[in-house]
Amino acid sequence: MRRRFTKKQEASEINITPMLDIVFIMLIFFIVTTSFVKEISIDVNRPTKSPIKEQKKSEVISVRISSEGQIFIQDRLINLDAVRANIESNLALKPQASVVVVSDREADAGFLVKVIDQSRLAGASNVSIAAQK
Amino acid sequence: MLRRRKRIEEDSEINITPMMDIVFIMLIFFIVTTSFIKETGIDPSRPEAETARRAERGNILIAVSPNDQIWMNKGPIELEMVRILMESAHSENPESSVVVVADELASTGLVIDIMDQIRLSGISKVSLSAKEK
């Protein structure tokens, strides 16, 4: 009786060594391939070319960037540092307005990002970009 | 004598159950956190932005070099290829969003053209890469 009991106990033990091997190989694979680097970015909207509802001109604050990197808001030349204040005052007048950055094709992308950043800091929730033809 | 031998044999077996637990937890952690980001092949200098945020699920990267070359999957590509590559990348991973890593000196027109192509491929979430100030 006693002998039978020990035999049963031995049989119930599963050999987990092969499973452990596989699990270790998977673990090493995932450790090697994983990358925790997340890209830091700002969200922008690009107006689709398909016919969209024509936005009323009064609800759009347009910021124009020339090829030399000059910024115009309502045809007034302003400094990059003044963009935020200008958009803030415009937003105070029309709180629902969205900002459209119209950039010359030759302008630097870094400059565009800075202008978008400044308008976001001013509190504009909807910033979209467009290219000047 | 017999008894002593048996004892030694018993001692030599290490209990690997806690190790298995730890290995499994690590494996699950790496499986969950891993995201297969394909490197673009170049590292442009990103513009600084204060409102930049971490792009969650920003898995598809496309880079623009200072001299207006488009890079994706470690190779330069043409603008016409962007749409096809985006479509295939999107079908592989439908929840991912695109991050355009444009150099500060890249031209805005090309960046907007790329964003248009990405839009046409059916991806709605596009953001511009930046670095934190």
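V101(A) is in contact with V63(A), I65(A), L112(A), V115(A), I116(A), V127(A) and I129(A), neighbours within four places in sequence set aside. Contact means C-beta atoms, placed from the backbone, within 7 Å. This is a predicted model: local features need pLDDT of at least 70, side-chain atom pairs count only at 80 or more, and totals for chains, interfaces and linings use all residues. Residues are numbered from 1 along each chain as written, with chains lettered from A and ligands numbered from 1 in written order.

V101(A) also belongs to the largest nonpolar core, which has 51 residues. V101(A), L112(A), I62(B) and V100(B) touch the most other members. Helix α4 of chain A, residues 109-121, gives the most to this core: six residues. Such a core joins buried Ala, Val, Leu, Ile, Met, Phe, Trp, Tyr and Cys through C-beta atoms within 7 Å. Buried means 20 or more other C-beta atoms within 10 Å of the residue's own. Of the 133 residues in chain A, 26% are buried.

Helix α3(A), residues 80-93, packs against α4(A): their axes come within 8 Å and cross at roughly 35°. The crossing is right-handed, meaning the near helix is turned clockwise from the far one by less than a right angle. The residues in contact are these.

| Helix | Residues in contact |
|---|---|
| α3(A) | L80(A), V83(A), R84(A), I87(A) |
| α4(A) | K114(A), V115(A), Q118(A), S119(A), L121(A) |

By class, this contact has five nonpolar, two polar and two charged residues.

Chain A has four helices and six strands, DSSP runs of at least four (H or I) and at least two (E) residues respectively.

Methods:
Buried ≥ 20, exposed ≤ 12 C-beta atoms within 10 Å, placed from the backbone. Contact = placed C-beta atoms within 7 Å. Axes fitted to C-alpha atoms, helices over the stretch in contact; angles between N-to-C directions. Nonpolar A, V, L, I, M, F, W, Y, C, P; charged D, E, K, R; others polar.
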